[in-house]
Amino acid sequence: MAVDYDLVIIGNTPVGFYAAAKAASLKARVALVAPEPLVNAGTHSKALTQISRIAQQMKGAHQFGIYCDADEQTQAYPQISVKFNEAMQWCVGVVSNLEAQQSPAVLSSLGVDFITGAGQFYPKPHLGFEVKDRRLRARAYLLATGTRSAIPEIDGLEATGYLTAQTISQFANINPQPQSLMVIGANPTAIELAQTFVRLGKTVTLAVRSPYILPQEDSEAAQLIEAQLEAEGVRILTKTEVTQAKSIDGKKWVQAGNQAIEVDEILLAAGEQPNLDSLNLESVGVKWHLRGIELSEKLQTTNPRIFACGYNLAHLGNYEADIALKNALFLPVFKADYGGISSGIFSDPQLARVGISEAQARSLYRKDVLVLRQYLKTVAGAQMQGETTGLCKIIVRGNGEILGASIVAPNADELIYTIALAMRQKIKVEKLKLPAIWPSLSEITGNTAGEWNRQRLSRNERLQDFLEGLFNWRRGRFK
């Protein structure tokens, strides 16, 4: 049975572009079906977060004796003006530059057949994908459709109107500019956006259903981020369900728990759901639900000729694309291994983690768990940067096996990499005790790893008695 392509990729996402370029480099014949618009969720919000970080640094410059104006030295916090339209124009420029690297022209130059338009699978007479009345047939297919914002069931929400992380660029077009925001959600995007907008001078309320923000993270790390947001002025309502939204006299009202709160704009960040409804997957035997596609370890769907990247995070999506490509183009023998792959939250300070949390470790290994912990304020580099809020927490077994870690610090996304690599290569925690360049934030990793020997010694009374006796004996010989 002749086919048109070795692989047809469906999805106008960065992961889809990455997979198409990679497959073409392997000399496969590839088509990328790219429905409009480009699904590049989060890029605008991440760029806006960078602007808010710079604004915050300027506000905090007074701690170093630096002031925006010599006449304002009596002010504890110099006034910083952010022109939101200009800030958003810069964000749009960043997004455009990134999208240019994933243009149809770039893929075409690599030999990828780039096809714009929505389409769907068809099962008969042979498995294929139809787009613009054109039927594409391939040995294998790869779904890289990304996700869209999940919209919670809140009475009156659609009529009242809202923004999401994917439509945040529209914020600059609202006139007059919203000054108060209700952010709904406890996931990383909600936390990033709440902090971003409060730093840009907005009044922000964050409503979450869980007892604290970031319920999937280590509770100690999450509570540090929560305290930072509250210190910066974010009003956090925990254990709070938003049940209703309505518009009254040009203002938006949100029923959050037992409180009716008036805001200028509602921002949803309550999770993601897959972009799969229009692909006719049921007809080709692919099972999926609102949480995603059912995938095997080899990233095959319930139709073995159709593969998928399940994660929306860019680095995990690209990792999955590498595995799926090898299985789709060659033999389906490669399995995805998520051990030692880290994730990060771009709050300020950042929160990065790898492996399992302390609670999960104690549930699995009970007493055979050691918690190694060092706070950022003990690191010289942090003191010199004026960034002392944070910690490094490494969870290990008694034999030094690393089970997981959480870091709250500036550039935590980079600091976690050393620990993630150690986990991936099954390196024991004692090997992380390396001299770090001084003064740098990376010193905290080695200092935390050094806690393992100290805790082992404190638990070993026999060794303590032996060492005490040894040194008593040695001192006695030199009397």
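User: Before we start, which residues count as nonpolar, which as charged and which as polar?
Analyst: Ala, Val, Leu, Ile, Met, Phe, Trp, Tyr, Cys and Pro go down as nonpolar. Asp, Glu, Lys and Arg are the charged ones. The others, Gly among them, are polar.

User: How does the lining of the largest cavity split by class?
Analyst: Keep in mind that this is a predicted model. The lining includes Val354, Gly355, Glu358 and Lys393. Sorted by class, the lining of the largest cavity has four nonpolar, four polar and four charged residues.

User: Which elements give two or more residues to that lining of the largest cavity?
Analyst: The cavity itself has a volume of about 60 Å³. Among its lining residues are Arg353, Ile395 and Gly404. The elements giving two or more residues are strands S22 (350–355), S24 (391–396) and S25 (402–409).

User: What about the second largest cavity: which element gives the largest share of its lining?
Analyst: This one has a volume of about 30 Å³, and its lining includes Thr49, Arg53, Glu192 and Asp348. Helix H2 (43–59) and helix H6 (188–199) each give two or more residues. The largest share, four residues, comes from H6.

User: Glu192 pairs with Lys46 in a salt bridge; how many residues apart are they?
Analyst: The closest N and O atoms of Glu192 and Lys46 are 3.0 Å apart. Glu192 sits in helix H6 and Lys46 in helix H2, so the pair links distant parts of the chain. The separation between them is 146 residues.

User: Is Glu192 buried or exposed?
Analyst: The cut-off for buried is under 20% relative accessible area. Glu192 has 3% relative accessibility, so Glu192 counts as buried.

User: Which residues do salt bridges that share partners join into one network?
Analyst: Side chains of opposite charge can pair when their charged atoms come close. The count here comes to 23 salt bridges. Those that share partners join Asp218, Glu220, Glu358, Arg362, Arg373 and Lys393.

How values were computed. Residues numbered from 1 in each chain as written. Predicted model: local features only at pLDDT ≥ 70, side-chain atom pairs only at ≥ 80, totals over all residues. Heavy atoms only, no water. 1 Å grid on protein atoms, 1.4 Å probe; cavity = no way out; pocket = protein on both sides within 12 Å on 5 of 7 lines; lining within 4 Å. Points joined across faces, edges and corners; volume = space filled by probe spheres on them. Salt bridge = Lys/Arg side-chain N within 4 Å of Asp/Glu carboxyl O. Buried < 20%, exposed > 50% of the residue type's maximum accessible area, 1.4 Å probe, protein only.
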